[in-house]
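The sequence and structure come first.

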Amino acid sequence: MGLPILSEGIADVETEGTMEDAIKLDLFLRTGQRVLFLLKEFDAKRPDELYEKISRIEWETIIPEDGYLCVTSSVETPEIKDSRFANLKSKDAIVDRMNAKCGRRPDSGPKRDRTVIHLYWKERRCQIYVDTSGEPLSKRGYRRIPLKAPMQETLAAAVILATNWKGDGNLINPMCGSGTLAVEAAMIGLNKAPGLLRNNYGFMHLKGFDKSSWKLLRKKATAVAKKGLNGRMIATDISREAIEAAERNAMTAGVAHLMDFRLCDYAETPIPEGSGIVVLNPEYGERLGEIKKLEEVYKGIGDFLKKRCQGYKGYIFTGNLDLAKKVGLKTKRRIPFFNSNIECRLLEYDLYEGSRAVKKVEAISP
Ligand SMILES: C[S@@+](CC[C@H](N)C(=O)[O-])C[C@H]1O[C@@H](n2cnc3c(N)ncnc32)[C@H](O)[C@@H]1O
């Protein structure tokens, strides 16, 4: 998006820009969870020092006094055992200052649907941010019906981006569950900004929020989105509840017209002539009994990819690397991901056509 990358961590990127840039990131970022805008940085050793330094920030120019404030934090400092205490101290510093300056103060609480201030406190270093996203960006607004073990929208987008699928060729998603991978893929294929579906962000609850520039930005984002795709999109699942939820979610996201949904076993998924990607997110099980049953499923997925999906690229997203070995196909790439604290892999398989037969191998470490 043309912004400089100042540093990259395992789950964060630091850049430099204006509040307008932060708002653009909220609208266009597919894989970010939230966009934090740095207000102030200082050292603090104790909670009273934190309170005093937060009180120096001109909150009356940032937060509406008749609004609602939520303070979140990430704290790793020996002085603080419970980060809720740091939240409370920070919130008190903000509202006490506002009371003194405006004679009023915003309400406060845990809801993240209005102004959100984030404290990052590591050792002595404190950073105070506005969380311009408010609710995390993974909450796009289209998934009204999440089912069991749904993938976060941001993770699903990251998975599709890692496949390099950009809307050319078919996209087949057996075991689609609530349809998150298919919906994110459709939005990527259409070049549709993921934030267009949402109408509430943290930045809207800051003083000086310019509604007309936001409207203009949304208009521009809508204008660059395509109306259709070249390839076909097919999403299937064995559960009726899942297919109904996926259809409903796709409809809310405005992409249902691009998709064929079908209630069937993954192995019966129609695979159109041509090429593209086949992407599956099977369950990975927790208990031993479940895992035993899933071994057969993973083996079956290997056969399905090998026999039915020639000419396509196959992808399996899983958090169980032992089960992944049961697929029995040679992996071309193994892309690491974290699904919350579970280490996962996106496994890529080249499914050659005809003479370039798919090699079936016994056990491959993922
Ligand atoms: C981990 S969930 C997929 C979650 C999905 N990525 C989402 O974001 O909602 C796995 C899905 O596989 C489906 N499933 C399990 N066994 C199946 C089978 N034999 N054929 C087709 N679908 C199956 C389940 O109904 C479930 O919806």
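## Ligand surroundings

In this predicted model, a nitrogen atom of the ligand lies 3.3 Å from a polar backbone atom of Ile238, where a polar contact is a pair of N or O atoms within 3.5 Å. An oxygen atom of the ligand is 2.6 Å from an N or O atom in the side chain of Ser178, and an oxygen atom of the ligand is 2.7 Å from an N or O atom in the side chain of Asp237. Around the ligand there are 16 residues, of which Ser178, Thr180, Asp237, Tyr266 and Asn281 come nearest; a residue is counted if one of its heavy atoms lies within 4 Å.

## Helix 4 and helix 5

Helix 4 (residues 153–163) packs on helix 5 (residues 180–190) at an angle of about 60 degrees, and their axes are 8 Å apart. The two helices, helix 4 and helix 5, are therefore oblique to each other, a class for angles that are not under 35 degrees (roughly parallel), over 145 (roughly antiparallel) or 65 to 115 (roughly perpendicular).

Residues of helix 4, including Ala156 and Ile160, meet residues of helix 5, among them Leu181 and Ile188, with contact meaning heavy atoms within 4.5 Å. By class, this contact of helix 4 with helix 5 has eight nonpolar, one polar and two charged residues.

## Basis of the model

Residues are numbered from 1 along each chain as its sequence is written, and side-chain values use heavy atoms, with hydrogens and water left out. Because this is a predicted model, local features need pLDDT of at least 70 and side-chain atom pairs count only at pLDDT 80 or more, whereas totals for chains, interfaces and linings use all residues.

Methods
Axes fitted to C-alpha atoms, helices over the stretch in contact; angles between N-to-C directions. Helix = DSSP H or I, 4+ residues; strand = E, 2+ residues; numbered from the N terminus. Nonpolar A, V, L, I, M, F, W, Y, C, P; charged D, E, K, R; others polar. Polar contact = N/O pair within 3.5 Å; in protein donor to acceptor, adjacent residues only side chain to side chain.
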